[in-house]
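Definitions are given where a term is needed.

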Amino acid sequence: MTKSNHIFDKIKDNPKLQKVNVGWATFDIVFKKGLKSGSSNCWGTCDFDTYQIHLEDKIESAPARETLFHEICHAYLELCGMGGEGEGEDEEYVYTSNERLTITVSRAIMMFARLNPELSKELLHEQG
Ligand SMILES: [Zn+2]
């Protein structure tokens with residue numbers, strides 16, 4: 001039998017991959033069917049009240065990797081003072097320079113990789 005290379009199957013098979021350490025909190029990765037943000041369907045959410053990253057279970061592997069990393073980035077950018085309240089038209093904007101944004105995002109990615117060596121290897125170094 002061929003082992004699935006889908007990132008969600010890898011995470012479900014390995015409890016060590018089911019948590020994201022962002023330093024100030026550890027987020028649990030939770031899979032849902034029919035995930036919504038407000039009244040709209042969506043592929044992922046990052047819940048700062050419950051410390052959970054929710055992922056739509058029915059995503060192909062490549063966009064699944066991007067969606068999970070997208071939600072992880074939300075958690076890290078919140079930590080860096082770049083989170084915003086609200087969604088859609090009500091979303092609060094964060095204004096910054098290109099240099100400040102680059103410093104913040106590069107440091108956030110380094111922190112993610114250092115605090116989550118196994119998850120970052122599976123998520124960013126592998127494909128499928
Ligand atoms: Zn987002």
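Two strands are taken to pair if DSSP finds at least two bridges between them. Helices (H or I, at least four residues) and strands (E, at least two) are DSSP runs, numbered from the N terminus. On that basis, four strands form an open sheet in the order 1-2-6-5, with mixed pairing.

This is a predicted model: local features need pLDDT of at least 70, and side-chain atom pairs count only at pLDDT 80 or more, while totals for chains, interfaces and linings use all residues. Residues are numbered from 1 along each chain as its sequence is written.

**Sheet**

- The open sheet has the strand order 1-2-6-5, and its edge strands are strand 1 (19–21) and strand 5, each of which pairs on one side only.
- From one strand to the next, the twist averages 20°; axes are lines fitted to C-alpha atoms, for helices over the stretch in contact, and angles run from 0 to 180 degrees between N-to-C directions.
- Helix 2 packs on this sheet and touches strand 1, strand 2, strand 5 and strand 6, where a contact requires the C-beta atoms of two residues, placed from the backbone, to lie within 7 Å.
- The direction of helix 2 makes about 25° with that of strand 5.

- Strand 6 covers residues 52–56 and is mostly covered, with four of its five residues buried.
- A residue is buried if 20 or more other C-beta atoms lie within 10 Å of its own, exposed if 12 or fewer, and partly exposed in between, with C-beta atoms placed from the backbone.
- Strand 2 (residues 26–32) pairs with strand 6 in the parallel sense over five bridges.
- In strand 6, Ile53 is the bridge partner of Ile29, and Gln52 is that of Asp28.
- Strand 5 (residues 44–47) runs antiparallel to strand 6 and is joined to it by four bridges.
- Gly44 has Leu55 of strand 6 as its bridge partner, and Asp47 stands opposite Gln52 in strand 6.
- Strand 5 and strand 6 form a hairpin with four residues between them, and Tyr51 in the turn has a positive phi of about 55°.

**Helix 2 and Pro63**

- Pro63 lies in helix 2, which spans residues 61–79.
- Pro63 counts as partly exposed because it has 13 C-beta neighbours inside 10 Å.
- The C-alpha atoms of Pro63 and Trp43 are 9.1 Å apart, and the two residues are 20 apart in sequence.

**Overall fold**

- The protein has four helices and six strands, arranged along the sequence as α-β-β-β-β-β-β-α-α-α.
- Its radius of gyration is 15 Å, close to the 14 Å that the globule rule gives for 128 residues, so the protein is as compact as a globular protein of that length.
- The radius of gyration is taken over C-alpha atoms, and the globule rule is 2.2 Å times the number of residues to the power 0.38.
- The C-alpha trace spans about 50 × 35 × 25 Å along its principal axes.
- Buried residues make up 23% of the 128 residues.
- Among contacts between residues at least 6 apart in sequence, 58% join residues at least 24 apart.
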